[in-house]
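Please keep the sequence and the structure in view while reading.

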Amino acid sequence: MEKYLYFGVLLFAISYPLAQSFEHRIRYATKWSALFPGMLITALFFIVWDVWFTQIGVWEFNHRYIAGFFLGNLPIEEILFFFIIPFACVFIYEVLIYFFPKDYFKPLGKPFVFVMVPLLLVIGILNLDKWYTSVNLIIGAIALLVHYLIFKDQYLGRFLFAYLVHLIPLMLCNGVLTGGLTEEPVVIYNNAENLGIRIWTVPIEDTIYSMTLFLMNISFFEKFRSQKTIANLESLKSNEESPSTY
């Protein structure tokens, strides 16, 4: 059964968010029309990135812990990762909005961007010989900057709160995938392509990789949600202005 370990991690990640999607308070399922399009766009970006990094040997997958079904050079579990993990992350985001209506982290949004963007760029540029470190941090900086240029700090506080909370399940899931509880890792990182700094067994770069994945999904989610809200309001206004027919 060890060949289903990666599947097991994914099942663990999605089980609670999926089970609670129809819960009457959060009503997560009613937001899927805004979630899924952005999730698909983001997943395609990350899958292309993943294919490239697998091809050049930045990481590889341990056949001992995967079912053996591949699309190109990626196991099917890795493809599903880019849909299941964002689904769970945005669920955390929505739950925190419901239970904490006040945006406590909003004052930190702008400083976070102003500090993290140059920091990530500098570290990335100084480590151009390490593919995972350089590409990951530079893309993370670009994602933060683009989000800020489009939305300013409208959603950054909410995102920061959810991001900090999501680090707990991230470390648990990625810890399993990087060999924290098994004889060998599921995902094998080439340490020549990263800084070699680990939190438990998780490369520190994963915290930025996950930030970018999470932020891109939130950006598209909020964009599509606002468009849907505007469309609904315009439809309602149009109906109100239309003369009644008898």
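Buried means under 20% relative accessible area, exposed means over 50%, and partly exposed lies in between. The model discussed here is a predicted one.

Q: Is R27 buried, partly exposed or exposed?
A: R27 lies in the loop between helix 1 and helix 2. Its phi is near 50°, a positive value in a residue other than glycine. The relative accessible area of R27 is 47%, so this residue is partly exposed.

Q: What is the phi of K152?
A: K152 belongs to the loop between helix 5 and helix 6. With a relative accessible area of 44%, K152 is partly exposed. Although K152 is not a glycine, its phi is positive, at about 55°.

Q: How many disulfides does the count give?
A: A disulfide requires a pair of cysteine sulfur atoms within 2.5 Å. The cysteine sulfur closest to that of C89 is in C173, at 9.2 Å, which is too far for a bond. C89 is buried, with a relative accessible area of 6%, and C173 is buried as well, with 9%. By this rule the count of disulfides is 0.

Q: Which element supplies the largest share of the lining of the largest pocket?
A: The largest pocket has a volume of about 510 Å³ and is lined by 31 residues. Helix 1, strand 1, helix 3, helix 6, strand 4 and helix 7 each supply at least two residues of this lining. The largest share, 9 residues, comes from helix 3.

Q: How many residues of the lining of the largest pocket are nonpolar?
A: The residues nearest the centre of the largest pocket are A13, I85, P169, L170 and C173. Across the lining of this pocket, 5 residues are polar and 2 are charged. The number of nonpolar residues there is 24.

Q: Which element gives the most to the lining of the second largest pocket?
A: The second largest pocket has a volume of about 230 Å³. Its lining includes F45, I139, H147, M216 and K223. The elements that give two or more residues to this lining are helix 5 and helix 7. With 6 residues, the element that gives the most is helix 5.

Q: Which residues touch the most other members of the largest nonpolar core?
A: In soluble globular proteins, nonpolar side chains tend to be buried together. The largest nonpolar core of this model has 72 residues, and its largest share, 13 residues, comes from helix 3. The members that touch the most others are W59 and L144.

Q: What separation lies between the C-alpha atoms of I76 and R198?
A: I76 is found in helix 3 and is partly exposed, with a relative accessible area of 22%. Not counting residues up to four places away in sequence, I76 touches F7, F69, F70 and L71. I76 and R198 are 122 residues apart along the chain, and their C-alpha atoms are separated by 26 Å.

Conventions:
Residues numbered from 1 in each chain as written. Predicted model: local features only at pLDDT ≥ 70, side-chain atom pairs only at ≥ 80, totals over all residues. Heavy atoms only, no water. 1 Å grid on protein atoms, 1.4 Å probe; cavity = no way out; pocket = protein on both sides within 12 Å on 5 of 7 lines; lining within 4 Å. Points joined across faces, edges and corners; volume = space filled by probe spheres on them. Helix = DSSP H or I, 4+ residues; strand = E, 2+ residues; numbered from the N terminus. Nonpolar A, V, L, I, M, F, W, Y, C, P; charged D, E, K, R; others polar. Buried < 20%, exposed > 50% of the residue type's maximum accessible area, 1.4 Å probe, protein only. Contact = heavy atoms within 4.5 Å. Core = buried A, V, L, I, M, F, W, Y, C linked by side-chain atoms within 4.5 Å.
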